[in-house]
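Here is a short briefing for a first look at this structure. Please keep the sequence and the model in view as you read.

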Amino acid sequence: MIACPCYVCASKNEKDKRLRSSILVQSQHTTLVVDTTPDFRTQMLRENIRKLDAVVFTHPHKDHIAGLDDVKAFNYFQKKTMDIYANTLTQDSLKREFSYVFADQKYPGIPDITVHTITNEAFMVGDIPVMPILVYHLKMPVLGFRFGSFVYITDANRIDKREKEKIRGSDTIVLNALRKSEHISHFSLQEAVDLVDEMKVPHAYFTHISHQLGTHEEVDSELPPNRQLAWDGLQLDF
Ligand SMILES: [Zn+2]
Ligand SMILES: [Zn+2]
C-alpha cells in the first residue's frame, strides 16, 4: 500500500508484492482477461502477452476497470476490436468513466471495444465456455466465473444457495480473502476457507489480499493443506 510503513509492505518476499486482482485465461484458440485493473498494463508487459481476444468484467469498482484504456495496444497490433463482456451495471460505469470510448465523434488512437451484455447465464468467449456465478459485494452484484473445473471469484462476501451450487464439482478455486478480521464487503480468510470446505473444492488459492492479512509466508503456514494464498504470476494448468 502506498506510503505504508508496515512490515508486510516492507517485506522483501516477491510473493508479498501484490498488484490488483486479475486473471488471464488461455485456451488453444482464445485468450481473455478477467478485469482490467489499474495494473493491467504492468501485468500484460510482465507476462509478455501478445494476444488478447476479450475482457470479461466482474464489477465496476475502479480497482477492476481502471486499466481499460490500455487495450488500445491490442487494437493496434491485432487490427481488430476488443470484445468486452460485462453486465449492465458495469457497462453503465464504463460509459461514465470512459465516456470518450463511447463518444459519437471519436479521436484517433482510443480503445476500440465491442460490448456484449452478460448475466449469470452461460456464454462462450471464442472456444472458452464461461459460467458466471452471481455473488454479492455488500449489496453490489458481482460476477464470479467458472471455466471448466476452475472457478474465479473476487470481491464477494455473500453467495446465495443456488449460485453457490455452480462451484460444486470444481477442482480449483481462486477466491477473495481480504484479511483475518471481518469486512463489510469482502470475505475474511476464515469465511473463505469455510466456503471452499463447504463446497468441497480440492484446491483453493486466496486472492484480493490486503496488507492487513500478514505476509505470504506467515499466512500460508497457518492454512490447512491444499488451501493457500495466491501470488502474482501464479500459473495453473488444466
Ligand atoms: Zn470491489
Ligand atoms: Zn476489488
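Two strands pair if DSSP finds at least two bridges between them. Strands (E, at least two residues) and helices (H or I, at least four) are DSSP runs, numbered from the N terminus. With those terms, 7 strands form an open sheet in the order S6-S7-S8-S9-S10-S11-S12, with mixed pairing.

This is a predicted model, in which local features need pLDDT of at least 70 and side-chain atom pairs count only at pLDDT 80 or more, while totals for chains, interfaces and linings use all residues. Residues are numbered from 1 along each chain as its sequence is written, chains are lettered from A and ligands numbered from 1 in the order in which they are written, and side-chain values use heavy atoms, with hydrogens and water left out.

- Strand S6 (123–125) and strand S12 (227–229) are the edge strands, each pairing on one side only.
- Neighbouring strands of this sheet are turned by 30° against each other on average, direction ignored. Here axes are lines fitted to C-alpha atoms (for helices over the stretch in contact), and angles run from 0 to 180 degrees between N-to-C directions.
- Strands of a sheet pair through backbone hydrogen bonds, either parallel or antiparallel.
- Strand S8 (residues 140–147) pairs with S9 in the antiparallel sense over 3 bridges. Phe 147 has Phe 150 in S9 as its bridge partner.
- S8 and S9 form a hairpin with 2 residues between them. Gly 148 in the turn has a positive phi of about 60°.
- On its other pairing, strand S9 (residues 150–153) runs parallel to strand S10 (residues 172–176) over 4 bridges. Phe 150 stands opposite Thr 172 in S10, and Tyr 152 has Val 174 in S10 as its bridge partner.
- S10 and S11 run parallel and are joined by 5 bridges. Asn 176 is partnered by Thr 207 in S11.

**Burial in this sheet**

- Buried means under 20% relative accessible area, exposed over 50%, and partly exposed in between (1.4 Å probe, protein chains only).
- Phe 150 and Tyr 152 point one way from S9, Val 151 and Ile 153 point the other way, and all are buried.
- S11 is largely enclosed by the rest of the structure, because 4 of its 5 residues are buried.

**The five-stranded sheet**

- An open sheet of 5 strands has the order S1-S2-S3-S4-S5, again with mixed pairing.
- Its edge strands are S1 and strand S5 (113–117), and each pairs on one side only.
- Neighbouring strands here are turned by 25° against each other on average, direction ignored.
- Strand S2 (residues 31–34) pairs with S3 in the parallel sense over 3 bridges. Val 34 stands opposite Val 56 in S3.

**The two zinc ions**

- Donors are N, O and S atoms within 2.8 Å of the metal (3.2 Å for Na, K and Ca); water is not among the atoms, so sites may look incomplete.
- The zinc ion (ligand 1) is coordinated by His 59 (NE2), His 61 (ND1), His 137 (NE2) and Asp 155 (OD), at 2.2 to 2.3 Å.
- The 4 donor atoms around the zinc ion (ligand 1) subtend angles of 88 to 173°, so the arrangement is irregular. Four donors count as tetrahedral if all angles lie between 85 and 135 degrees; four count as square planar and six as octahedral if opposite donors are over 155 degrees apart and all others between 65 and 115; anything else is irregular.
- The pair His 59 and Asp 155 links distant parts of the chain, 96 residues apart. His 59 lies in the loop between strand S3 (54–56) and helix H2 (62–65), and Asp 155 in the loop between S9 and helix H6 (161–164).
- Asp 155 bridges the two zinc ions, ligand 1 and ligand 2, which lie 3.4 Å apart.
- His 59 is buried at 0% relative accessibility, His 64 is buried at 0%, and Asp 155 is buried at 1%. Asp 63 is partly exposed, at 21%.

**The largest pocket**

- On a 1 Å grid over the protein atoms alone, a pocket is an open set of points where a 1.4 Å probe fits, with protein on both sides within 12 Å along at least five of seven lines; lining residues have an atom within 4 Å of a point.
- The largest pocket holds about 1,700 Å³ of space. Its volume is the space filled by probe spheres set on the grid points, which are joined across faces, edges and corners.
- The lining has 48 residues, of which Ser 22, Ile 23, Trp 231, Asp 232 and Gly 233 lie nearest the centre of the pocket.
- Elements giving two or more residues to this lining are strand S1 (23–26), helix H1 (40–46), strand S7 (128–137), S9 and strand S11 (203–207). S1 gives the most, with 4 residues.
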